[in-house]
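Subject: Structure handover

Hello,

Here is the structure we spoke about, with notes below on what turned up in it.

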Amino acid sequence: MSTLTGTGHLARLILRRDRIVLPLWVLLLTVLPVSYAGSFLALFPTAAERAAYADGTARSPSVVALLGPVYGDSVGALTAQRGGFLQVIVGLAALLTVIRHTRTEEEAGRRELLGATVLGRHAGLTAALLVTYAASLVLGLLTAAGLAATGLPAAGSLAYGLSAALVGVVFATVGGLAAQLTQTAAGARGIAVGVLGVTFALRLVGDTSEQEWPSWLSPLGWAPRIRAYEGERWWVLALPVALTVLLALVTYPVSVRRDLGAGMLPSRPGPARAGRALSGPFGLAWRLHRGQLLGWSVGFGLLGLVVGGAAEAAGRSVAGNAALEQVMARLGGASGLAEAYLGASLGVAGLAAAGYGVQAALRMRSEEAAGRVEPVLATGVHRSAWLAAHLVFALLGPVVALALTGLAAGLTYGVSVGDVPGELPRMLGAGLAQVPAAWVLAGLAVLLYGLLPRFTATAWAVLALAVLLGQLGAVLELSQWLLDLSPFTHTPQVLRAGWSVTPLLALTALAGVLCAAGFVSFRRRDTPVG
């Protein structure tokens, strides 16, 4: 029997299981760069306006740190820079997909059951990698076709699309290697996301300093240096291909040397007796959520620092362009361009915080599917207490994340304008104003878990819809009824005078109703539900 026997069957199984999530992240990450190109075409019709915008962004270290360098002032070059951060999300989605179908399967015991059939040793890892590679390639080709359809040069569009695809390929392989190193899926995610963070930091240091060499050590730094639309350097594409091959040459031998269910890194033995913190459902929930909460909090704090530091430069870069001023005003809702930028950026942070809330809420479904809920409920733990313990993190996590974002943004923006005491509370309030909308999506995830646990992935589809409406709605001037489908449409712009607290109260009440319905539904159904 070959070590790859059964790979095709496992690949089809992965496609069936991810028939909702996989197309969603591919579609979303395809549409966004195409929308950026359309926006630049409409907002910067003249070369002078594009040159002024490119000069403004290039002069801001914070903008370059977040988006990457800009090479040239064509619509394509501006689009390539604006879509630079999306490639971080491509890498994140790719590594999480591979870990989900490798280490998570082993941890849940399903890989051992499949291994008892006619299945090769490398079939599971290969199937997960091939599906993720294919999804990344489809994303890249669709992005290239979409950008070319807007009128951008085909060569540059292909270069940008392939750079995004190869970022996904590289970090899919990173996820495959991380899955061989640890015994738990959480540990594998921590290693892989840590590698992603290090590569982003290398790119940031290289792009914002006089020494460019750190960027050449990072796959995220290679992507912009292909210079799509500005004299493409096709040879740079060989770097992620070579790195992928190198990582694969390490990953496969490692996967053979370890036992099924074990990792190459030794597991640290736990204490002989559980601490008092694990004596109740909240302590157990804290143990399960603390690493994820800490990681997201650090990321949101860093995002706030960069956004606040870039606000003043962003306002200067679009000054004098009436069309862009109108769009920024609609997106951010503030009279000043810098505050409009901050409002729009905090709105994006709110969407990301909603993603954390959904992920934390759906941790309950993962625990149930892994068979760890029944033993807990067989003790004196009540169903409602167990669910409430997890719900605390689904609701508290967005509050912590958005508070840190607002405080960090207020600090750096306050320093840039010389008014830290005044800007710190304003930005904190603007960040916290996004919380009720994030709670609505977390509440929807709780309702789906309690009522229709097999369809919990629908919560991600609703979040993807909210992202699409938030990113494209104002620019494309979509119908108001369509925009109203997103809870974030109803979030008031607190950086503008005269805003009302009523929408926040209404969103909070809606989130409460959804959570309460989820509680009732969970108490009435059986566990587990496959």
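Is L129 buried or exposed? The model is predicted, and in it L129 has a relative accessibility of 5%, so it counts as buried, the limit being under 20%. L129 is part of helix α9, which covers residues 123-149. Apart from neighbours within four places in sequence, the contacts of L129 are V98, A172, T173 and Y252. Of these, T173 is 44 residues from L129 in sequence, and the two C-alpha atoms are 6.9 Å apart.

On the aromatic side, nine aromatic pairs were found in a search of the whole structure. One of them is W216 with W235, a stacked pair with 5.9 Å between the centres and 5 degrees between the planes. This pair links distant parts of the chain, 19 residues apart: W216 is in helix α12 (residues 213-216), while W235 is in the loop between α13 (219-222) and α14 (238-257). W216 counts as partly exposed because its relative accessibility is 26%.

W296 and F300 are also stacked, because their ring centres lie 5.9 Å apart with the planes at 25 degrees, and under 30 degrees counts as stacked. Both residues belong to helix α15 (residues 281-318) and are four residues apart, about one turn of the helix. W296 is partly exposed at 27% relative accessibility, whereas F300 is buried at 5%.

F282, W286 and F393 make up one aromatic cluster.

Two arginines have the charged end over a ring: R82 over Y36, 4.5 Å from the ring centre, and R383 over F522, 5.0 Å from the ring centre.

Regards

Technical notes:
Residues are numbered from 1 along each chain as its sequence is written. This is a predicted model: local features need pLDDT of at least 70, side-chain atom pairs count only at pLDDT 80 or more; totals for chains, interfaces and linings use all residues. Side-chain values use heavy atoms; hydrogens and water are left out. Helices (H or I, at least four residues) and strands (E, at least two) are DSSP runs, numbered from the N terminus. Buried means under 20% relative accessible area, exposed over 50%, partly exposed in between (1.4 Å probe, protein chains only). Contact means heavy atoms within 4.5 Å. Rings of Phe, Tyr and Trp (its six-membered ring) pair if their centres lie within 6.5 Å; planes under 30 degrees apart count as stacked, over 60 as edge-to-face and the rest as tilted. A charge sits over a ring if NZ of Lys or CZ of Arg is within 6 Å of the ring centre and within 35 degrees of the ring normal.
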